[in-house]
Amino acid sequence: MAANAKTGEVLLKVENLVKKFSITGGILGREVAAVKAVADVSFEIRKGETLGLVGESGCGKSTLGRCILRLIEPTSGGIYFEGRDVRAMSGPELRVLRRRMQIIFQDPFASLNPRMTVEEILGEPLDIHKVCASREERRRRILELLDMCGLRRESVTRYPHEFSGGQRQRVCIARALAVRPDFIVCDEPVSALDVSIQAQIINLMQDLQKELGLTYLFIAHDLKVVEHISDRVAVMYLGKIAELAEADELYRDPRHPYTKALMSAIPVPDPKRKRDRIVLQGDVPSPISPPSGCYFHPRCPIASARCRSEAPQLEGVGTEGHSASCHFAR
Ligand code: SF4
């Protein structure tokens with residue numbers, strides 16, 4: 001579990017968040033269907049903690065991250081940052097929020113402008129948010145960011161293609177930190193990197209969190225990646241949260257059949273802790289026409305007739321802070 005300066009104070013609250021995308025057709029471009037990418041999601045993130053958000057690709061986790069930052073507008077529901085309504089913000093208030101909430105993307109190469117030097121890349125957010133009073137201060141801040149992220153100071157004059165994948169992700173982290181944010185959405189920040197480099201980047205992010213008191217929403221598609229950085233973990237399936245718990249609790253006692261299946265795929269070095277592999281049948285259903293009842297029922301090894309007609313709610317399963325969306329999780 002991550003060791004950091006958690007306060008128990010809620011930094012971000014998401015309430016019944018929904019994001020629908022319209023599918024249009026015909027010559028009039030009328031809506032012919034809608035995809036509910038995020039379907040009624042609620043959770044809180046406390047100051048200084050890391051919430052891991054895990055699920056297969058297309059489950060809505062990146063859409064959820066972008067809605068929180070207002071990079072895309074949610075369809076309904078609430079987002080509150082330090083108790084203030086993010087969806088109602090505009091003008092200067094929204095600009096301050098955009099400084100305090102940053103994002104790190106999956107593909108560091110695609111998210112860096114190939115024609116800009118590192119100095120220009122790191123200087124851009126400083127200029128946009130008018131963080132530095134002079135050219136000297138701007139230069140000092142850029143060098144400080146390079147030191148913090150384990151990059152050589154000579155990197156300032158170099159271009160993204162001159163770095164390795166891990167170094168490029170360090171540049172992206174430095175860019176996110178430039179404006180001294182409080183909260184960072186980490187959208188699969190290590191998925192495009194070699195396994196050996198993944199650990200280095202995760203260690204760096206943990207060190208920065210401790211040093212700067214950052215709060216993370218850490219998105220990944222497998223539970224292994226978020227295990228060591230997360231304080232709590234939410235598992236998403238087809239736009240909904242299937243299970244949410246403290247990280248230790250979730251890895252020790254998963255309750256939702258989907259979490260159990262994801263967990264069974266993690267290689268365990270100790271043969272005594274080995275779990276039987278649960279291979280899920282079929283693919284994730286289309287979010288355009290999700291299954292009736294419990295969205296997971298066509299792939300669930302223990303589904304019953306009730307599961308096909310009645311949608312389970314995300315409810316407590318006995319241990320404080322542990323909830324699951326399954327009729328039989330208790
Ligand atoms: Fe499986 Fe039914 Fe639980 Fe859904 S509600 S996860 S189908 S047992």
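In the predicted model, D147 is partly exposed at 41% relative accessibility, where partly exposed lies between buried (under 20% relative accessible area) and exposed (over 50%), with a 1.4 Å probe and protein chains only. D147 forms a salt bridge with R153, and the closest N and O atoms are 2.6 Å apart; a salt bridge is a side-chain nitrogen of Lys or Arg within 4 Å of a carboxyl oxygen of Asp or Glu. R153 likewise counts as partly exposed, at 42% relative accessibility. Because the model is predicted, local features need pLDDT of at least 70 and side-chain atom pairs count only at pLDDT 80 or more, whereas totals for chains, interfaces and linings use all residues. Residues are numbered from 1 along each chain as its sequence is written, and side-chain values use heavy atoms, with hydrogens and water left out.

Further salt bridges were found elsewhere. Helix α4 (residues 135-148) holds both R141 and E144, which lie 3 residues apart, about one turn of the helix. Helices (H or I, at least four residues) and strands (E, at least two) are DSSP runs numbered from the N terminus. The side chains of R141 and E144 meet in a salt bridge of 2.8 Å, N to O. R141 is buried, with a relative accessible area of 6%, while E144 is partly exposed at 35% relative accessibility. Side chains of opposite charge can pair when their charged atoms come close. In another pair, E93 forms a salt bridge with R84, the closest N and O atoms being 3.7 Å apart. E93 is partly exposed at 39% relative accessibility, and R84 is partly exposed at 38%. A network of salt bridges links E9, K47, E82, R100 and D182. The whole structure contains 24 salt bridges.

An open sheet is formed by 4 strands in the order β2-β1-β4-β5, with antiparallel pairing. Its edge strands, β2 (30-46) and β5 (84-85), each pair on one side only. Two strands pair if DSSP finds at least two bridges between them. Strand β1 (residues 10-25) runs antiparallel to strand β4 (residues 76-81), to which 5 bridges join it; K13 has Y80 as its bridge partner in β4. Helix α1 (residues 61-68) lies across β1, β2 and β4 and runs at about 115° to β1. For such angles, axes are lines fitted to C-alpha atoms, for helices over the stretch in contact, and the angles run from 0 to 180 degrees between N-to-C directions.

Strand β3 (residues 50-54) is mostly covered, with 5 of its 5 residues buried. In a regular strand the side chains alternate between the two faces of the sheet. On one side of β3, T50, G52 and V54 are buried, and on the other L51 and L53 are buried. Parallel pairing joins β3 to strand β8 (residues 215-220) through 5 bridges and to strand β9 (residues 232-237) through 4 bridges. V54 has A220 as its bridge partner in β8 and V235 as its bridge partner in β9.

R299 is found in the loop between α9 (257-264) and α10 (305-309) and is buried, with a relative accessible area of 8%. A polar atom of the R299 side chain lies 3.2 Å from the backbone oxygen of Q281, and the side chain also reaches the backbone oxygen of G282 at 3.2 Å. Residues up to four places away in sequence aside, R299 touches E56, Y237, L280, Q281, G282, D283, V284 and P285, contact meaning heavy atoms within 4.5 Å.

Terms used. Polar contact = N/O pair within 3.5 Å; in protein donor to acceptor, adjacent residues only side chain to side chain.
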